[in-house]
Amino acid sequence: MTRRVAILISGGGSNMMALLRDMGQGDHPAQPVLVASNDPSAGGLAKAAAAGVATVAVDHRPFGKDRAAFEAALMQPILDSGADLICLAGFMRVLTPAFVQAFAGRMLNIHPSLLPLYPGLHTHQRALEAGDQEAGCTVHEVTPVLDDGPILGQARVPVMPGDTADSLATRVLEQEHRLYPAVLRRFAAGNRTPIYL
Ligand code: GRF
């Protein structure tokens, strides 16, 4: 049974595009049914529409601090799309446990660090400040605890002399675009065995 994937973005959606490209290969156990963003100006929305995927923007700003109301508005088009799997891809809003529980075991995220190192923001700067010799990215199942769920895959890159947060981010992002599609293929086929690239 083909899984139906909703992808949530906040910006350019480079990971979203990597997932769409791979699902477009024809032999994939999942298909995209929606790309949703909390930011109506997210560049990824136009890219998804150009790729023929339904899109929706649910601006979080009018909801102010009422996270539950924003998430109810976001969840509605996801449910209407018939999605049975959610991929967070550059999605920059922290989700409440209620939203996460609705897709328990069926929500993935990519995070730009070798979790459990550096949950949260500014991961590359933190790795550089710690003097780490390597960095990377992690795809994990989303649980109510931020950046904490079961690891489904990781990819490592070397930290090079003279690296800045930007140069390291660029090197990691390249691996994100390999890792996330590889993990989604296996996860959608029911295989949760972690992948290490
Ligand atoms: C990437 O670093 C990703 O790891 C993080 O958000 C950043 C932008 O992702 N989740 P994208 O280019 O919007 O997919």
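Select Pro 116 to begin, a residue in the loop between strand 5 and helix 5 (123-129); helices (H or I, at least four residues) and strands (E, at least two) are DSSP runs, numbered from the N terminus. The peptide bond that leads from Leu 115 into Pro 116 is cis, with omega near 10 degrees. Stay in this loop between strand 5 and helix 5 and select His 122, where phi is near 55 degrees, a positive value in a residue other than glycine. For comparison, most residues other than glycine have a negative phi, and most peptide bonds are trans.

Before moving on, keep in mind that this is a predicted model, in which local features need pLDDT of at least 70 and side-chain atom pairs count only at pLDDT 80 or more, while totals for chains, interfaces and linings use all residues. Residues are numbered from 1 along each chain as its sequence is written, and side-chain values use heavy atoms, with hydrogens and water left out.

Eight of them form an open sheet in the order 3-2-1-4-5-6-7-8, with mixed pairing, where two strands pair if DSSP finds at least two bridges between them. Strand 3 (55-57) and strand 8 stand at the edges with a single partner strand each, so one side of each is left without a neighbour in the sheet.

Within the sheet, select strand 1 (residues 3-9) and strand 4 (residues 85-88), which pair in the parallel sense over four bridges; Ile 7 has Cys 87 in strand 4 as its bridge partner. Then move to strand 6 (residues 134-141) and strand 7 (residues 151-158), which run antiparallel and are joined by seven bridges, with Cys 137 opposite Ala 155 in strand 7. Strand 7 is also joined to strand 8 (residues 195-196), in parallel, by two bridges, and here Gln 154 has Tyr 196 in strand 8 as its bridge partner. The chain goes from strand 7 through helix 6 (residues 165-188) to strand 8 in a β-α-β crossover that is left-handed; a crossover is right-handed if, with the strands pointing away from the viewer, the path from the first strand over the helix to the second runs clockwise.

Now show helix 1 (residues 14-23) together with helix 2 (residues 43-50): they pack at an angle of about 15 degrees, with their axes 9 Å apart. Axes are lines fitted to C-alpha atoms, for helices over the stretch in contact, and angles run from 0 to 180 degrees between N-to-C directions. Helix 1 and helix 2 are therefore roughly parallel to each other (angles under 35 degrees count as roughly parallel, over 145 as roughly antiparallel, 65 to 115 as roughly perpendicular and the rest as oblique). At this contact (heavy atoms within 4.5 Å), Met 16, Met 17 and Leu 20 of helix 1 meet Gly 44, Lys 47 and Ala 48 of helix 2.
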